[in-house]
Amino acid sequence: MAKERVEVEGGKTYGPYSPGVKANGVVWLAGQIAPEAGDDTASQTAASLEKIDALLAAASVSKNDVCFAQVLLDDINDFAEMNDVYATWLEGVEIPPARAAFEAAALPRGAKVEIIVQAIDENCC
């Protein structure tokens, strides 16, 4: 299977990259930020996860297919606030993805959170 770009109509990127790439049944999404969602970590986390859901759907997978998530926070003290929203997003997912979360010195566009995921399309290949 050839490498293909994953994107959502009207989606926005902030540089020379693809919102997502799918190849050989593996889906890699670029980090999703949502500084436009508000000034708090909970709002930005929820909006970033909505963007992830839309990109996963465009790749013909869902959060049930996510194997790994990486969460970058501009302040690790916001971990609990992010984690509450993230846990709600995962409700109903039988096997939650592996995850790493840590503080980054600065995130693009002044975002408070950036979320990156990788998924597997079990119906592929």
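Two strands count as paired if DSSP finds at least two bridges between them. Helices (H or I, at least four residues) and strands (E, at least two) are DSSP runs, numbered from the N terminus.

Now the model itself. This is a predicted model, in which local features need pLDDT of at least 70 and side-chain atom pairs count only at pLDDT 80 or more, while totals for chains, interfaces and linings use all residues. Residues are numbered from 1 along each chain as its sequence is written, and side-chain values use heavy atoms, with hydrogens and water left out.

I will stay with the strands for a moment. β4 and β5 run parallel and are joined by six bridges. On β6, residues 113-120, there are two antiparallel pairings to report. Strand β4, residues 66-73, is joined to β6 by seven bridges and runs antiparallel to it; here L73 has V113 as its bridge partner. Strand β3, residues 26-29, also runs antiparallel to β6, with three bridges, and V26 is partnered there by I120.

How many of the eight residues of β6 are buried? Six are, so the strand is largely enclosed by the rest of the structure. For the cut-offs, buried is under 20% relative accessible area, exposed is over 50%, and partly exposed is in between, with a 1.4 Å probe and protein chains only. As background, side chains in a regular strand alternate between the two faces of the sheet.

Next, the loops. Most residues other than glycine have a negative phi. Two residues here have a positive value. N24 has phi near 50°, and sits in the loop between β2 (20-23) and β3. R109 has phi near 55°, and sits in the loop between β5 (98-103) and β6. Are they buried or exposed? N24 is exposed at 53% relative accessible area, and R109 counts as exposed at 56%.

On to the aromatics. A pair of rings is described by the distance of the centres and the angle of the planes. The rule used is that rings of Phe, Tyr and Trp (its six-membered ring) pair if their centres lie within 6.5 Å; planes under 30 degrees apart are stacked, over 60 edge-to-face, and the rest tilted. Searching the whole structure gives one aromatic pair. Y86 and W89 form it, tilted, at 5.8 Å centre to centre and 45° between the planes. Both residues lie in helix α2, residues 79-89, three residues apart, about one turn of the helix. Y86 is buried at 5% relative accessible area, and W89 is buried at 8%.

Y86 has a further contact. R99 lies over the face of its ring, 4.6 Å from the ring centre. The test is that NZ of Lys or CZ of Arg is within 6 Å of the ring centre and within 35 degrees of the ring normal.

Helix α2 also holds D84, which is exposed at 54% relative accessible area. D84 and R5 are 79 residues apart in sequence and 31 Å apart in space, C-alpha to C-alpha.

Last, the pockets. On a 1 Å grid over the protein atoms alone, a pocket is an open set of points where a 1.4 Å probe fits, with protein on both sides within 12 Å along at least five of seven lines; lining residues have an atom within 4 Å of a point. Grid points are joined across faces, edges and corners, and a volume is the space filled by probe spheres set on the points.

The largest pocket holds about 240 Å³. Its lining has 15 residues, of which G11, K12, Q32, K51 and L55 lie nearest the centre. By class there are eight nonpolar, four polar and three charged. Ala, Val, Leu, Ile, Met, Phe, Trp, Tyr, Cys and Pro count as nonpolar, Asp, Glu, Lys and Arg as charged, and the others, Gly among them, as polar. K51 is in helix α1, residues 41-58, and is partly exposed at 26% relative accessible area. Its C-alpha is 17 Å from that of L73, 22 residues apart along the chain.

The second largest pocket holds about 160 Å³. Its lining includes N64, D65, V66, I120 and E122, and divides into seven nonpolar, one polar and three charged residues.
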